[in-house]
Amino acid sequence: MAVAAAGGGGGGRAQRSGWLEVLVRERWHKVLANLGGEALVLSGEERPDGAAHNGLGGDGTACRGAEGGGGPAAVRTAFTDPPEQVPEAISNKKRCVKVLKQELGGLGISIKGGKENKMPILISKIFKGLAADQTQALYVGDAILAVNGTDLRDATHDEAVQALKRAGKEVLLEVKYMREATPYVKKGSPVSEIGWETPPPESPRLGCASADPMSQLSLSIHRDRKTIPLKMCYVTRNMTVSDPENRIIEVHSPDAKHTVVLRSKDSATAQAWFNAIHSSVNELIPRVIAEVRDQLGKTGIAGSREIRHLGWLAEKVPGDNEKHWKPVLVVLTEKDLLIYESMPRMKEAWFSPVHTYPLLATRLVHSGPGKGSPKSGVDLSFATRTGTRQGIETHLFRTETSRDLSLWTRSVVQGCHNSAELITEITTSCTYKSQECRLTIHYEHGFSLTTEPQDGAFSKTIAQYPYEKLKMSSDDGIRMLYLDFGEKDGEIQLDLHSCPKPIVFIIHSFLSAKITRLGLVA
């Protein structure tokens, strides 16, 4: 997901509607997906493939019939028409029912089942006032054995849909009421089994119903519909599910505990859906930053004062498996790079990132197609290296789009430079020629080496050099720092008493910031 600047906003959010498949319990189920505003809505109505058979229009909206329109009260289901109301005389007996299709509403039924579900084709809904209802001879729970003589007893759900579509205006249905199938017809859509985050009610704005009604959309689970709030979701591809055909989109919840896996009919449609959802999520980022600022108040975040950027990235997991990536939430403040495993909901959670790296001791070392990316040359990555007392720590991140890559890399580099100008000076103890000293590196004035003050006396300056005199710097990776200023005495050897990498990286950041400020690099 793209990083977003703390201020500003975007244009109108992408709107999209169409048929996708969702992975539930290791099986794919067709759903109508509607993207709009701040949420993605998945409707698990039995597949409405046009008005030919089920009373729904091609866009998934209910068609208005002779009496009842398309509301819930105008639909007969296994709940409104329980088995005990069905005459015992028709149970398990074949019947032939003639239905005259209507221009609007078609047959006026919805179906479930199919060979792939190891179930017959069952009528699961009858829309009141439409064709099937007008016969007064069809029931919810009727198995459709044949359509105009075409046997459906071994048909898949799609084959049954197509048979009903092709049936013409006058349709002869051979049916048999199956009382034992009622539990299956009553069963909610697989969509209702999709798990999703419920933010704690005490979480200000991000989870409180009174402050943010959208957060409560995660609770809007109807038997045939699931609403997924998009705020701080991570939209990605090739993360948890193998996708050789490039048709899959993954939507990860902010708490990193739930994933909705969607599949499109082809690669191009999948990319269009990904772009639309990704854009909608990005539009919400500036609002999230503002809400987090309000939540944290003057206390700031993990030792910093403000959030400059935040967003989800894929991080390469160290090891031999080149394709193993995990989602991480990355936050850039005015002086640190913070990494979280999930979106903090409570105020206290912001103070405990998994990793905290000073931007002053961090540098961008790689940007472009990653060798370990699932689709090298397509999935774009960048790497950061930070000098720590334990040595150099490297992280390889993957973005979703080239625009994301550009925003993140620019933000990291600018963050390092801004941190240099903000912090201005660092000082560390060291030993020089067996004497305890202090090395000071100043953003403007360069290097100075002074004695440690003794018994209240003032420290003495041993050496002082501007940046332009530095010819070379190196270290042994353990505790020694070598600075060559071209003096007749040769290089200065400093024992820093710990790993010198933080100081080495800080010198680089100061120099890089100064060069950029002077306009010597683009």
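This is a predicted model: local features need pLDDT of at least 70, side-chain atom pairs count only at pLDDT 80 or more; totals for chains, interfaces and linings use all residues.

Me: Let's begin with sulfur. How many disulfides does a search of the whole structure find?

Reply: The count is 0. Take cysteine 430: the nearest cysteine sulfur belongs to cysteine 437 and is 5.3 Å away. A disulfide needs the two sulfurs within 2.5 Å, so cysteine 430 is in no disulfide.

Me: What makes cysteine 430 buried or exposed?

Reply: Buried, because its relative accessibility is 0% and the label applies under 20%. Cysteine 96 comes out at 58%; exposed means over 50%, so cysteine 96 counts as exposed.

Me: On to charges. Why is the contact of arginine 179 and glutamate 88 called a salt bridge?

Reply: The N to O distance between their side chains is 3.4 Å. The limit is 4 Å, so the pair qualifies as a salt bridge. The structure holds 21 of these.

Me: What parts of the chain does the pair of arginine 179 and glutamate 88 link?

Reply: Distant ones, 91 residues apart. Arginine 179 sits in the loop between strand S10 (170–177) and helix H3 (182–186), while glutamate 88 is in the loop between strand S4 (75–76) and strand S5 (94–100).

Me: Rings next. How many aromatic pairs does the search find?

Reply: There are 9 aromatic pairs. In one of them, tyrosine 139 and tyrosine 177 have ring centres 6.5 Å apart and planes at 75°.

Me: What makes the pair of tyrosine 139 and tyrosine 177 edge-to-face?

Reply: The angle does: edge-to-face starts over 60 degrees, so planes at 75° give that label. Tyrosine 139 is in the loop between helix H1 (131–135) and strand S8 (142–147), and tyrosine 177 is in strand S10, so the pair ties together parts 38 residues apart in sequence. Both tyrosine 139 and tyrosine 177 are buried. Elsewhere, ring pairs link Phe447, Tyr465, Tyr467 and Phe485 into a cluster.

Me: Where does the charged end of arginine 363 sit?

Reply: Over the ring of phenylalanine 505, 4.1 Å from its centre. Lysine 514 lies over the face of tyrosine 443, with 5.4 Å to the ring centre. The distance limit is 6 Å.

Me: Why is strand S16 called largely enclosed by the rest of the structure?

Reply: Because 9 of its 10 residues (307–316) are buried. S16 pairs in the antiparallel sense with strand S17 (residues 325–333) over 9 bridges, and lysine 316 stands opposite tryptophan 325 there.

Me: What makes S16 and strand S22 a pair?

Reply: They share 2 bridges, and at least two are needed. So S16 and S22 (residues 391–398) pair, in the antiparallel sense. In S22, phenylalanine 397 is the bridge partner of glutamate 315.

Me: Last one: how do you know that the span of helix H5 agrees with what it should be?

Reply: H5 has 22 residues (402–423), which at 1.5 Å a residue should span 32 Å; the end C-alpha atoms are 31 Å apart, so the two agree. Buried residues in H5 include Leu405, Trp408, Val412, Cys416 and Ala420. Just after H5, threonine 424 takes a positive phi of about 70°.

Key. Residues are numbered from 1 along each chain as its sequence is written. Side-chain values use heavy atoms; hydrogens and water are left out. Buried means under 20% relative accessible area, exposed over 50%, partly exposed in between (1.4 Å probe, protein chains only). Helices (H or I, at least four residues) and strands (E, at least two) are DSSP runs, numbered from the N terminus. Rings of Phe, Tyr and Trp (its six-membered ring) pair if their centres lie within 6.5 Å; planes under 30 degrees apart count as stacked, over 60 as edge-to-face and the rest as tilted. A charge sits over a ring if NZ of Lys or CZ of Arg is within 6 Å of the ring centre and within 35 degrees of the ring normal. The expected span of a helix is 1.5 Å times one less than its number of residues.
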